[in-house]
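Biologist: Please take me through the side-chain contacts and backbone features of this model. I shall ask about one feature at a time.

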Amino acid sequence: MSDVRLQKEAVLRVGEVSGVTGRRILVTVDRDKNLSELFYDGDLLRNIAVGSYIDIRKGFVSLIGKVDGENANPDFSRLEDPEPMVRGCRVLSISLVGFIDRKGHFFGGTKELPLVGNEAFLLTRDRVLQVHNLIAEDGIALHIATSEYEGYDIALPVDGLMNSHIAIFGNTGSGKSNTLATLYQHFVTELRAINAEAFNENCRIVVLDFNGEYAHTDCIASDKTVYNLSTRNDQGDKIPLSNAGLLDIEMLSIISDATEKTQKPFLRRALSQYERVMEGNDPTEHLRNMIRQQVTQILRMSDKVRADLLFDYLRQLLPEQDPAGNVVEIAMDLEWHNNTSQFRCGQHWLRDDPAAILNTVVYQHVANFAFADDIIEDFVAFSYVQLIYDVLANRAQNEHIAPVINKLRSKQKDIRKVFDPAIQGELFESNIIVVNLNDVNLEMKKTIPLLLCRRIYQEHKMLFQGKTLNLVIDEAHNILSTESSRETEGWKDYRLETFEEIIKEGRKFGVFVTIASQRPNDISATITSQAHNYFIHRLINQKDLQSIASAVSYIDELTEESIPTLPTGTCIFSGMAGQMPLKLNIKALEHHLQPKSTTLRFASLLSHDD
């Protein structure tokens, strides 16, 4: 060994292994290596300390360990020393995280244990970069972070990270939104730089933005399509959704919160009737004839209670006014005769004289029925027609079916404000879309993502041709929470099952989910545990920490204990894309690229001139 190399080894040596007990390694530090920093080849190296890495040489293999703690071993050989505990040798407690083979490649995990007497060395810059190298030889790198301890640039791989499910957790103000925006900003920039046309054609990104943080011009990408939805007024954007997209049994069940065994079969019958009628040459006249047939049956009934109920349905179905604008009461020329239990119109008993029914107000008013050119309103009309058929056939009861129709009607206005079935446009006007839900009411904030994600996922499965779909859900606890007092148990189960199916099965179809949340404990454990890679920012709540500990099994105890004290912008990256957990500083984006999540400062508010 050359003198130069011996000198370098002497500078980097920090001590030797003094104990191996199971997987616990003890390293005794040399007396002259207690400085905080060392100079080596022009680099300022931080000396060995808790949280840093150490290189233990065993033959031709370098065993890489992480310092979990240190103690002072008292030196009683110098009895005159008044502070033997302080003056004694430092003893480091090491846990092995991996090894570097002869070719210089780092592998996570434990291959073998060191021997007592093996020398321990500081990691040089090159050695640290070897340990932190996550990029394959032909891989694409995202240069978005630096190592928290050494301050070296760390590149994250596109393959292994962006083609996986990602979870980003952290309290508000911890840097969570910046991490998400930085990750996708660099992802889009890097892939477009390689082949913009192929990226735009084969890769799609959908961002569900609950607070309007990513909707401004330059965030993530400047050429993205933004849908600024609103349920407060009609001025918001509308998501193009074809009739087939909304008139789906599952979609209708979601909107109406239909029960599985009673209301959903009813919706299926109404939908089947809708499709059958609308396929004809003259759907309007076809439906009018159906209603006329029902009116004839109702006016010949002998059960007044059921007849009154069915007349209520007809009032909901038929227009309130005639073409001249006059209010029409459909039962104005009818009276019920209790002795004979039948309707009478003038001098005609309708059960015995069916021809007289043709002259009644209700029968003639059917001619004024017309479709509303609103997909939900038209389907509600078919629902009432189907309900009348069901009651006439004793198949359904009002108290079981009416709530599902009322639910459809109550959501009709909100759906019209955010979805436009008349538009036959393409949802993906560009390959990156942001759905801004900031101005949407709470109920629709749960409904819209479910409708949209289910539709996009089903279409992607059916038309999958080697393309990818990245589904980004910011503030994911809004729609992935396991507890909600505002919705029924059945609807909540369906909501969670839909997203759980996407995250469990989507990978094989090229669908990858990224979730960001400040409350991981509120999110379904199935979804949390299915993530492949985690960015964990500062978390304080004990339940959140417990959920992280149970979901992310490969975070060591020392790293886990540091989560509540992580500085803003610092996170723990752990998952399948890396060999071991890394503590990283995520680089901040330029101001005009950042999401709108910055905390307002009173000093800046008061600093402007009057």
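This is a predicted model: local features need pLDDT of at least 70, side-chain atom pairs count only at pLDDT 80 or more; totals for chains, interfaces and linings use all residues.

Biologist: Which geometry class describes the ring pair of Phe369 and Phe371?

Modeller: A pair of aromatic rings is described by the distance of the centres and the angle of the planes. Planes over 60 degrees apart count as edge-to-face. For Phe369 and Phe371 the centres are 5.7 Å apart and the planes stand at 75°, so the class is edge-to-face.

Biologist: Is Phe369 buried or exposed?

Modeller: The cut-off for a buried residue is under 20% relative accessible area. Phe371, at 22%, counts as partly exposed. Phe369 has a relative accessible area of 4% and is therefore buried.

Biologist: At what distance from the ring centre of Phe428 does the charged end of Arg204 sit?

Modeller: A charge counts as sitting over a ring if the Arg CZ atom is within 6 Å of the ring centre and within 35 degrees of the ring normal. Arg57 is placed in this way over the face of Phe121, at 4.3 Å from the ring centre. For the charged end of Arg204 over Phe428, the distance is 4.2 Å.

Biologist: Which side chain is joined to that of Gln273 by a polar contact?

Modeller: Gln273 belongs to helix α7, which covers residues 263–278. With a relative accessible area of 2%, Gln273 is buried. The polar contact has a length of 3.4 Å, and the partner side chain is that of Gln386.

Biologist: How many residues apart are Asp153 and Lys587, which form a salt bridge?

Modeller: The closest N and O atoms of Asp153 and Lys587 are 3.6 Å apart. Asp153 lies in strand β11, whereas Lys587 lies in the loop between β25 and α19. Lys587 is partly exposed, with a relative accessible area of 31%. The bridge links distant parts of the chain, with a separation of 434 residues.

Biologist: Which parts of the chain are tied together by Lys467 and Glu201?

Modeller: The closest N and O atoms of Lys467 and Glu201 are 3.3 Å apart, and the two form a salt bridge. Lys467 has 26% relative accessibility and counts as partly exposed, as does Glu201 at 48%. The pair spans 266 residues in sequence, so the parts tied together are the loop between α13 and β21 and helix α4.

Biologist: About how many helical turns separate Arg315 and Asp312?

Modeller: The side chains of Arg315 and Asp312 meet in a salt bridge of 3.0 Å, N to O. Arg315 is partly exposed at 34%, and Asp312 is partly exposed at 40%. Because Arg315 and Asp312 are three residues apart in helix α9, the separation is about one turn.

Biologist: What is the phi of Ile220?

Modeller: Ile220 is placed in the loop between β13 and β14. Its relative accessible area is 2%, and Ile220 is therefore buried. Although Ile220 is not a glycine, its phi is positive, at about 70°.

Biologist: What is the phi of Ser341?

Modeller: Ser341 occupies the loop between β16 and β17. At 25% relative accessibility, Ser341 counts as partly exposed. Ser341 is not a glycine, yet its phi is positive, at about 55°.

Key:
Residues are numbered from 1 along each chain as its sequence is written. Side-chain values use heavy atoms; hydrogens and water are left out. Rings of Phe, Tyr and Trp (its six-membered ring) pair if their centres lie within 6.5 Å; planes under 30 degrees apart count as stacked, over 60 as edge-to-face and the rest as tilted. Buried means under 20% relative accessible area, exposed over 50%, partly exposed in between (1.4 Å probe, protein chains only). Helices (H or I, at least four residues) and strands (E, at least two) are DSSP runs, numbered from the N terminus. A polar contact is a pair of N or O atoms within 3.5 Å; within protein, one must be able to donate a hydrogen and the other to accept it, and residues adjacent in sequence count only if both atoms are side-chain atoms. A salt bridge is a side-chain nitrogen of Lys or Arg within 4 Å of a carboxyl oxygen of Asp or Glu.
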